[in-house]
Structures are given as structure tokens and as C-alpha cells.
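Please open the structure in your viewer and keep the sequence at hand.

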Amino acid sequence: MKIKTLIFLFSFLSFFKIQAQIDFVLSNTVCVGDTLPLVATSGTFNATSYSWSATPSGPWFASTTANHTDLMFPASGIYTISLDGFSGSSVSSASHVIVVYAKPLITISSTHSLLCAGDGATLSATGASLYAWEPQVVVSALSNYQVYTSLFVTTTFSVTGTDNLGCANIAYFTQQVVPYPNMQINATSTAVCPGLTATLSALGATSYTWTGGTAGSGVFQQTVAVGAGTYTLVGSNGGQCKDTLTLPITQALPLLIQVTADRLIRCIKDTVVEPGVSLGASGASSYTWQPYDPARMTYSIGQTTYVTPTVSTCYTVTGYGSSCTGSAAICVQVS
């Protein structure tokens, strides 16, 4: 009985010794996304095949049947990594526990969501304990987690944050930059007559606001028709990136039109009819005559015209200048 017990104990110890011969090295902790190399060692146990596994499932093995493999953890948690080695009918096993930590969640914020070209902003990172910014050539460190930047073009920044456990993550932030407007105003005239308007057109920005004069407290469009007054244009490319221009539109005097006639009375007696009357105007650059009757007036447009009224008629001439108009009247009596 004692011999059988000794044989059984010897067999059990021999089997336990074989079981304990296979092993592998595994870190105690790791970060999500890290890859670990695993290499099986078997001592005198001549393993011919291997089987890797994880509990709970989730970790990724490059190969579950090779004596060496790579292991990656896509999620945080506590995992047991096991290895079984097979040699004929013998099995040797080993397992180790590892804690997988989540990567820190890094966020970046700016003191200005929109930056005007040449202006500066402070960028701040949160979520870790140490930070590394890129590109370093356009930032100045204010503290471990803050940098200052002055930009002329839109720039994308990255920051790598590392927590106290040594886990790192990266975040990106694009600082939007817009240029200051370079505006100009085009005016059809800088002087207008009463009742007439000048058209003002703005260029060089993306949005416009006109104030003053007949524009009142604000007209939000690129082109505006205005009377006399002083006008302020504020153009914006977004945010506080603005430019301001001022343009006065003066009040012009109406044209002083003078009209003449070679005579003011036309006589008609029986069959005797005197010739017509020549009319002329001055004081403008172009003219129109009213009332126009093709049978009794030679021209309705021009500085002079010739009329042959059969009844007393008053004629009005309107003169036009670059910005103003004026009119005058003359009457021809028919006797």
C-alpha cells in the first residue's frame, strides 16, 4: 500500500513539474492600444504546439498557436492571459494577470474660436499630466498645459498627453484664421441733387453694414442707394476681423437752366402764317423738350429745337448734368 502511494505521489509530482515548465513573461500593466511581444519558454518540456487565450475575450493575438506572438489590448480591463503547451499527450500551462488602463481623453480649447490674421490666442489642453505640442515652431509655452500662438493662416495643432500611469493619447485642434478686410467703396457720385441718390458699392469683405445718412442705423448689404449724408461702412470677414471706412456724399445744387427764343409771338392771319420759333437752352450737358409734337417740333432732344405752334403753348426744357437736373419754361403766344 505504501509503495503504491509513493508511486502515485511520484507520478503526481512528476506531472506537476512538467506542468510548471512552460511559461512566458507578461507586464503587470499596459495601456489600451499597446502591443506586447509574448514568447513561450518550455525548459525541458519539449512542446510541439501552443495555444494562447485571454479571459475575458477581447485582446488580439497575432497568432494563437505560435510559440511567440504579439498581443494588443483594444479595451481597458483586467485580463488573464493563458498559454497551453502540448507535447504528445502531456500538457503544460501557465497564466498571468495584467491590468490594462484606458488612454487619457485629451481635449484642446482656444481663447478665440476665430482668430484674425496676426492676432494671438491661448491654447489649453486637459485630460493628462504632461503635454507635448506640435508644431513647436509656432507656440510659446505658458505652462505645462497652455501655449500661446500668433498666426496668419489657419493651423492644425496636435498635443500628446501622458497621464500619471504612463498612458498617452493624442488630440488635434484647428485654429481658424481669417484675414482682416481690405475694403474700398465705389460711388456713382459723391454729390447728389435733392430727390436723387448715389449708389455705393463695397468690396473687400464678406459682410457689410452701412450706417449714417439715409442708411439710418444699419443696412446689411453690399450695395446701397443713398442721398446726401456721411456714411460709415463696416466690413467683416468673420468674428472681430473688421475694417471701417467713411465716405461723405454732399448735397449738390440743382442746375440753373436758361431758355431763349428768337421771338415770343407768332402771328397767324387768314392764309398768312409767320415762320416758327427757334428755342435754345443752356446750363446743362443734355436736354429734353416737352410737350413734344412731331408735327410742331423738330427735336425733342438737344440744346435747340424749332416749334410751329398754332395755339399759344408753353415749352419746358429739362437739363441734365453729371449728378443734377434743372428745368426752365418759356411760352410762345400765337395771335
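Begin with the whole protein shown as a surface. Its accessible surface (Shrake-Rupley method, 1.4 Å probe) comes to about 18800 Å², and carbon and sulfur atoms account for 58% of that area. The model is a predicted one, in which local features need pLDDT of at least 70, side-chain atom pairs count only at pLDDT 80 or more, and totals for chains, interfaces and linings use all residues. Residues are numbered from 1 along each chain as its sequence is written, and side-chain values use heavy atoms, without hydrogens and water.

Next, display the C-alpha trace, which spans about 170 × 45 × 25 Å along its principal axes.

Now turn to the interior. Buried residues (under 20% relative accessible area, 1.4 Å probe, protein chains only) form 33% of the 335 residues. Select Phe24, Leu38, Phe73, Ile81 and Ile98: these have the most contacts inside the largest nonpolar core, which has 22 residues. Such a core is a set of buried Ala, Val, Leu, Ile, Met, Phe, Trp, Tyr and Cys residues joined through side-chain atoms within 4.5 Å. Strands 2 (35-39), 3 (49-55), 6 (77-87) and 7 (90-101) each supply at least two residues of this core.

Which residues does Leu38 contact, leaving aside its neighbours within four places in sequence? Among them are Phe24, Trp52, Phe61 and Ile81, contact meaning heavy atoms within 4.5 Å.

Finally, select Leu123, Val139, Leu151 and Val177, which belong to another core, of 17 residues, lying apart from the largest one.

Key. Buried means under 20% relative accessible area, exposed over 50%, partly exposed in between (1.4 Å probe, protein chains only). Helices (H or I, at least four residues) and strands (E, at least two) are DSSP runs, numbered from the N terminus.
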